[in-house]
Amino acid sequence: MNTNTIALFSVLPLAFAATQVNSATISYYLDQSNDLADGINYAQVTISDSTTVAGDIDFTVELLSSAFSVSGANFGMQNFSFNADTSLSIDDSNIVFIEPSTWSVSEGANAGGGFGKFNFQLSGNGSSRTELLSFSITGVEGDTVESYATASTLNPSSDYFFAAHIAGFDYTDGVTSAQFAGMTPAVPVPAAAWLFVSGLLGLAGIARRKTV
């Protein structure tokens, strides 16, 4: 391997580090359940800096349908719970732009399933279950995406960052409704990083051909 190729490959760790440092998005799996098998990714929570309102934090919670068998029309999430850094000044009025719009917010709610209490819970009903929940947090001084990836200090506290009630799936281990929780990081490689690496590999190939 010539010196040009070595130099190109030596910057790859720096490239990955740069993409991670500059990232304004974090993502976690809900992979624990009170009634179904643990270790399966049932849902994914993504928290990111808003691209539309400066200073806002955006949440999306997406059910991973491949984890469920569904034949009916009423499958979805019926509530979602999360925590906030206790040093922040935040209440339910800071949670806005909720979709589905019929969902409401409560504080200090028990997630059920033995997962404990969470600072906030967004809830719908049987007719407003959803496979994709989104909302924003606005007007909170000093918060970051990491401010909402934390355990609760309530009684009973939750060691998990997030929880959800999912219902309407086909009978699985004798149940059609269960509680889920999690805090396992989902760390996809950013598309920009792959493009950057692909470009470097291409340049490395060119450099190698020139020396042959």
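## Ground rules

Two strands count as paired if DSSP finds at least two bridges between them, and strands themselves are DSSP runs (E, at least two residues), numbered from the N terminus. This is a predicted model, in which local features need pLDDT of at least 70 and side-chain atom pairs count only at pLDDT 80 or more, while totals for chains, interfaces and linings use all residues. Residues are numbered from 1 along each chain as its sequence is written, and side-chain values use heavy atoms, with hydrogens and water left out.

## The open sheet

Let's start with the sheet that holds β1. Six strands make up this open sheet, in the order β6-β9-β4-β3-β1-β12, with antiparallel pairing. Its edge strands, β6 (95-99) and β12 (184-185), each pair on one side only.

At the β12 end, two bridges link β12 to the antiparallel strand β1 (residues 25-30). Here Y28 sits opposite P185 of β12.

## S48 in strand β3

Strand β3 (residues 43-49) contains S48.

## Strand β11 and its partners

Six of the eight residues of β11 (residues 175-182) are buried, so this strand is largely enclosed by the rest of the structure. Strand β10 (residues 162-172) runs antiparallel to β11 and is joined to it by seven bridges; H165 has Q179 as its bridge partner there. Two residues lie between the strands of this hairpin, where D173 takes a positive phi near 55°.

Strand β2 (residues 32-33) also runs antiparallel to β11, through two bridges, and S33 stands opposite F180.

Conventions: Buried means under 20% relative accessible area, exposed over 50%, partly exposed in between (1.4 Å probe, protein chains only). Helices (H or I, at least four residues) and strands (E, at least two) are DSSP runs, numbered from the N terminus.
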